[in-house]
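These are my notebook entries on a structure I looked up.

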Amino acid sequence: MTRLPKALWIGAILSAVFLAIALLSLIWTPHDVETLTIADRLQPASATYLLGTDQFGRDTLSMLMVGSQTSIAVAVVAVGIGVAVGVPLGLAAAASRGSLLDEVIMRGNDLIFAFPSLVIAILITARYGPSATNAILAIGIFNIPVFARVARGGALPLWTLDYILAARTAGKGAVRISAEHILPNILNLLIVQATIQFSLGILAEAALSYVGLGAQPPTPSWGRTLAEAQTMIYTHPMLAVLPGLAIVLMVLGLNLLGDGLRDALDPRLRRART
Amino acid sequence: MIEISNLDLAIHGQPILRDVSLSIGEQEIFGLVGESGSGKSMTALALMGLLPGGADVSGRLALDGTDLRNLSEAEMCALRGNDIGMIFQEPMTALNPVQTIGDQVAETLTIHGKASRQDALVIARDRLDRVGLGHLPLDRYPHQLSGGQRQRVCIAAAIALHPRLLIADEPTTALDVTTQAQILDLLKELVAEENMSLLLITHDLAVVSDMADRIAVMQLGQIVEQGLTHQVLEEQAHPYTRALFAASEHQPERTDGQDDDVLLDVRDVQRTYPGARRGVFSRGEPHVAVNGVSFQLKRGESLGLVGESGCGKSTLARAILGLEPVQAGSITAFGKPVGPDMPNALRSGIQVVFQDPYGSFNPRWRVERLIAEPFHLMSRPPQGADRTDRVADALKAVHLSPDDMHKYPHEFSGGQRQRIAIARALITRPDIIVLDEAVSALDVSVRARILDLLSELQTNLTLSYLFISHDLSVVRTITDRVLVMQTGKVVEAGDTEQVFTDPQHPYTQALLAAAPKLPETLSGGSHATLV
Amino acid sequence: MLSYLLTRALSLALSLVIASLVIFALIEVIPGDPASFMLGLNATEDNLAALRAELGLDGSKFQRYLAWIGGMLTGDFGVSYTYRVPVSELVLDRLWVSLPLAIYALTLSTLIALPIGIIAAARRGTAADYGIMGATQLGIAIPNFWFAMLLVLVFAVTLRWFSAGGFPGWDDPGAAIKALTLPAIALALPQASILARVMRSALLDTLNQDYIRTARAKGLSQRQAILRHGVKNALIPVLTILGLQFSFLLAGGIIIENVFFLPGLGRLIFQGITQRDLIVVESVTMLLVFAVILVTFLVDVAYALVDPRLRRS
C-alpha cells in the first residue's frame, strides 16, 4: 500500500517540474529560439548546447522548454472547455434523470463521441486553415461529453440518497441542490478526470501539431519539432527522441498524479483505511 | 460434529473475536444471535476459511475431529460446498447476473467433480424442485427472479451436494416478512429431511427462538451465553441477553395527547409513474404505485402505515411531503393543498426522518449546517447567535450535546445519526413528522432508545407522526391507528390494538401470522412499563 | 432483445443524420464561398463558375444537402476536384490499406491486453502485477506516432528487418502484412495498455461482488471464481472501452499512415486538406464517422450477448 502515495508523489513532482519549466521559459531560456544560428546547426550536445541544436541551429533544450508552453496552454484551455460545458450538462442530465432533457444531452454526447478530436480538427482545418486555436477547440469539444458523462455518472447515485430528499423537503430546488450537495461530492471524480484529460490533451496536441493541424510556425510545439526531426531520423535520431521523451515524461507524470489522486480521494478506500 | 474452541481473530491487528467456543451436533439447528459488529458473521467465515485479508486466527475449528486450520487451501476448496454450504444475506446480489440459475446450481456439482455437466443439470433440476422452484426453467437468469426466489436458488446451490452443515448468514433479513416465513420453513424442512445441521446467524431473537435447538448470544466478539434455546430464553442468565430481550419487546411510554383537529387529509390519492424510457420517443407501461388511498391524521396522533416492500408506502410518503405530484385525488395539510409547488411556509410544517442513518447527511457538512438546512424554508431565517441557539436547542431535545454541532456526521454512531436526523426534522417546529422506516436500520437496543425519544418528543411538542414501517412489532408499540397497504391500496385500517388482535383482511392476517414472535410466556415482564 | 437492438439502431441512425448535418454545415454552410476557397487566389471567374455548377452551389443549401446524402446512399461520393476521379474510387482504394491496418491493430491490442489484464488481476500485488501495471503506465504515456518513429529507428534503420515505410499492395499478401506490422504495433501498444488496465480494474471490481463470495462458498478457488464468474461480468466495461478505442484507432491510423507513408485514408484526407479538395474531406470524414457509429452499434449487440439483463423484451 506504500506504492500509492509514492505514485502520487512522483506524479506530482514530475507535473510540477514541467509546469515550472514552462513558466521559467516565459522569462528565460538558455538560448533564444527565435534567432536561427545556421553556423551552429546540428551540433551534438556540448557545454554551450546541453542537448545539441537542430537543423536551424536552435538550442534543443530551449526549444523543448518553450514547447512545453504550447502543450500546457492547449491542454489547460481544452480541459477548461470540457469542464465548463460538460459538467453543467452532466449535472442537469442527472437532476432530470429519465426526462427528455436527459435523453437529449446523453444522445448528444454519443454524437460527439462519433467525432474523434482529430476528425473535428480535420473539419475545422479544412475550412479555416490550421492553428493552435483549432487544436484547442477540437480537443475541447471532445472533452465535453467526457466530463458530462463523469458528472452524470457521479451525480446519479447521489440523487437517490436521503440527504438529497431531505434537502428537497427543505424546499431547495435542483440547481441549488446540484451546487450545494452534488458538485462538492463529485469533485474528486472531476479532479481525477481532469488530470486524465489533461494528459490526453497533451498527447492530442502533439499529434495534431505533428500532422500540421495544430500550432503553426513560429509557435514552438513538441509535436511539430518531432515532425521536423523525422526527416533527419537516419542521421540525427536524438532530435526525434528528445521531444518524444519530454511528452512521455509529462504525460506519465500527469497519469501517476491522476492515479494517485484517485486512490487518495476514493472515499471507499479512505473508509477502509480508517 | 462442528467444534469451535477458543477462537480468537484479529484483522489488521484489530481484535474481532475473543475466545469463541461452540459446538454443533448432527441434525442440529444452532442459532447465533447478536447485534451488528458482534462478530457472528466473522465466526462463520472463519469456519469456511473465507476470512478477509489481514486476518490473524488462533484456536481450533474442527469438523469431525479434523482441525480445518491445518488444511491446505486446495483441501478447503474441496470441503466448501461439499461438507459445508453457505448462503448470505443479500440474495439480490449473491448470484452471478450473467449466468443461468441452472448452471449456478450445477456448478457446485461439477466443480467438485461429482457429475458431468449434463448429469449436474439433471440434479440441479431436482434440487431446484426441492426448494420449491419446480415451475422455473433452468435457463432463467437471476434478474428474472424475485428476492425470495433468488434466495431459494442460493439454497439449492448450497445443498446440491448434501453438505453436513449449512451456514445461513442473516438469510431472511433482506426479505419481506411473508417471504421470510417461507424461507425459514424451507430451511427447517431441509434440516429434517437432508440429515444436515444448520448454523443460523441472525440479529432477530424471534427468528431463532422459533427455529433453533440451541443458541449462543454474541456481544463485542464474545459469546456471553449459550445453551438450549428454551433454557437461554427462560433464564436469561447474562445481563446482555436480558437487555436484548427487553429491547426486542420494548414498549415506549406513551400518553394519549391527540385531539380532533385534522392536520393532514389524504383523499383518493393516486400516484402513477410513467414507464421506463426505452428511447427518445417511447416509454414502457406506466406503473400505478399508489391507488386510491384516503386517510386523516389528527393533531398529536401517531398513525402507522405498514406493508411489504413495493406496496407504495414510501411513494405515498414522498407525495405527502410534496416532493412528487399526484395524478388523482388530493392531499391537504393545515387546510392548504400539498404538492411540488406548495409554499415554503407550508413545507416547514411537515418534516421527515429517513431510514438510512448513513445516507441521510451530506458527508462534507458539519452538524450545525445539516440541522439548519430546513431554515431555508423560512422567509426570515434566524441568523448568528440566534441560529446557533436554535440548533443547540434541537440537539438538546434529542439528547445530544450542543458541542456536537461542530462535528461531521461520520463521527457519530447509527443511533446518534438518527437523533441528528430527528433534530433536523424538528428545527422548523413542524406539526407533522413523517418517519419513513426511521428505526428499521437500527439494532434493537438502539431502536428502543430512539422509540423512547420519539414518544417523548410527541408528548412534549404535541407532534403528529406518520410512522411508515415494514416491521409490525414496532408499529404496534408506537402508533394509535394503523393502515395496512398492499399493492398501492389500503386494505385495512383501524385502531392499532384492534387490527393486531383481530385482523379482518386476509392480507393482514397473513402478515401477522408470518411475523416471527418471541414465545408469549417470556415477554410478560417487559410490558411492565406500559401506561 | 430485438426491440433493444431496434431502438439502438434507430437511435444510431438518428446520430448519423445529425452527424451528416454537422459535417455539411461545417464545410458548406458557414459564410464564405467554398468554390473560391478551393481554388485559392488564382481562380478565374470562369473556373469559379464551373466549380460552383459542379458543386451544385447554385441550388439551395437544402437541395445540396439532399443531393450529397442521396449520392452517398447510392455510392456516389462526388468527383474529386484535384484528382478528377470519383471519390468513391479513391476511398475504396485507400480503404484496402486503412481497414486492414485498423483490424490488425485492434486484434493485436485485444490479444495482448485481455490476457495481461487478467493475469495482473489474478495475481494482484505480486511482482507480475506491478510489472504489468508499470509497463502499461508507460505505454499510455507514449504518443503512438513517436513510438512509430522509434520502431522505424530500431527495426528499419538499425536492424533492417522491416522497410521504413511504403506499401507494396495486396498482390503479395505476405509483403503487405509485413508492411503493416510496424504500423499496427505502433497503433496497438498504447491502446493495449489502456485496455489491459481497464480489464484489470473491471475484474478487481467484480472480486468484491457478493456472487464471487457465493462461488467461493460453493468450493471454487479464488482463481476459478475469477475466471468463471469475474471475467464475463468484467467484459461489460471492457466492451465499452473497446468500442471507444476503435475511433481512436481510426484517428491514430490517420497519423501513423503519415509516419510510414502508407497510401491510406489518412494520406488521402491530408492531401485533400492541403489541396483544398473539400469534396474529398467531407466524404471521407463522413465515412469515418459512419464507421465509428457502426462500431458503437456492434458494441451494443455485444452488450446484449454478454448481459442477459439487456435481452428482456
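**A hairpin in chain B**

Two strands count as paired if DSSP finds at least two bridges between them. Strands (E, at least two residues) and helices (H or I, at least four) are DSSP runs, numbered from the N terminus. I looked up one partner: Thr332(B) has Pro337(B) as its bridge partner in S15(B). The hairpin of S14(B) and S15(B) has 2 residues between the strands, and there Phe334(B) takes a positive phi near 50°.

I then followed S14 the other way. Strand S14 (residues 328-333) of chain B also pairs with strand S11 (residues 262-273) of chain B, antiparallel, over 5 bridges. Here Ala328(B) in S14(B) stands opposite Gln270(B).

**What I am looking at**

I noted that this is a predicted model, where local features need pLDDT of at least 70, side-chain atom pairs count only at pLDDT 80 or more, and totals for chains, interfaces and linings use all residues. Residues are numbered from 1 along each chain as its sequence is written, while chains are lettered from A and ligands numbered from 1 in the order in which they are written.

I checked the confidence next. The predictor gives the complex an ipTM of 0.85 and a pTM of 0.85. Chain C averages a pLDDT (the predictor's confidence in each residue, from 0 to 100) of 85, and 95% of its residues score at least 70. Within chain C, helix H9 (residues 210-217) has the highest confidence, at 94, and helix H2 (residues 34-39) the lowest, at a mean of 70.

**The open sheet of chain B**

In what order do the strands of the open sheet lie? I wrote down S16-S17-S18-S13-S19-S20 (chain B), 6 strands with mixed pairing. At the edges are strand S16 (350-353) and strand S20 (489-495) of chain B, and each pairs on one side only. From one strand to the next the twist averages 20°. Axes are lines fitted to C-alpha atoms, for helices over the stretch in contact, and angles run from 0 to 180 degrees between N-to-C directions.

Strand S17 (residues 432-436) and strand S18 (residues 464-469) of chain B run parallel, joined by 5 bridges. Ile432(B) stands opposite Ser464(B) in S18(B).

**Two loops with positive phi**

Leu220(B) is not a glycine, yet its phi is positive, near 45°. Leu220(B) sits in the loop between strand S9 (214-219) and strand S10 (222-228) of chain B.

Thr487(B) is partly exposed, with 15 other C-beta atoms within 10 Å.

I counted elements in chain C: 12 helices and 0 strands. The C-alpha atoms fill a box of roughly 85 × 60 × 35 Å, taken along the principal axes. Of the 313 residues in chain C, 42% are buried.

Two residues are in contact if their C-beta atoms, placed from the backbone, lie within 7 Å. By that rule, 38 residues of chain C are in contact with 32 residues of chain A. H10(C) gives the largest share of chain C's side, 8 residues. That side divides into 32 nonpolar, 6 polar and no charged residues. Nonpolar means Ala, Val, Leu, Ile, Met, Phe, Trp, Tyr, Cys and Pro; charged means Asp, Glu, Lys and Arg; the others, Gly among them, are polar.

**Chain A against chain B**

I turned to the other contact: 17 residues of chain A touch 20 residues of chain B. On chain A's side, H6(A) gives the most, with 7 residues. This side divides into 7 nonpolar, 5 polar and 5 charged residues.

Conventions:
A residue is buried if 20 or more other C-beta atoms lie within 10 Å of its own, exposed if 12 or fewer, and partly exposed in between; C-beta atoms are placed from the backbone.
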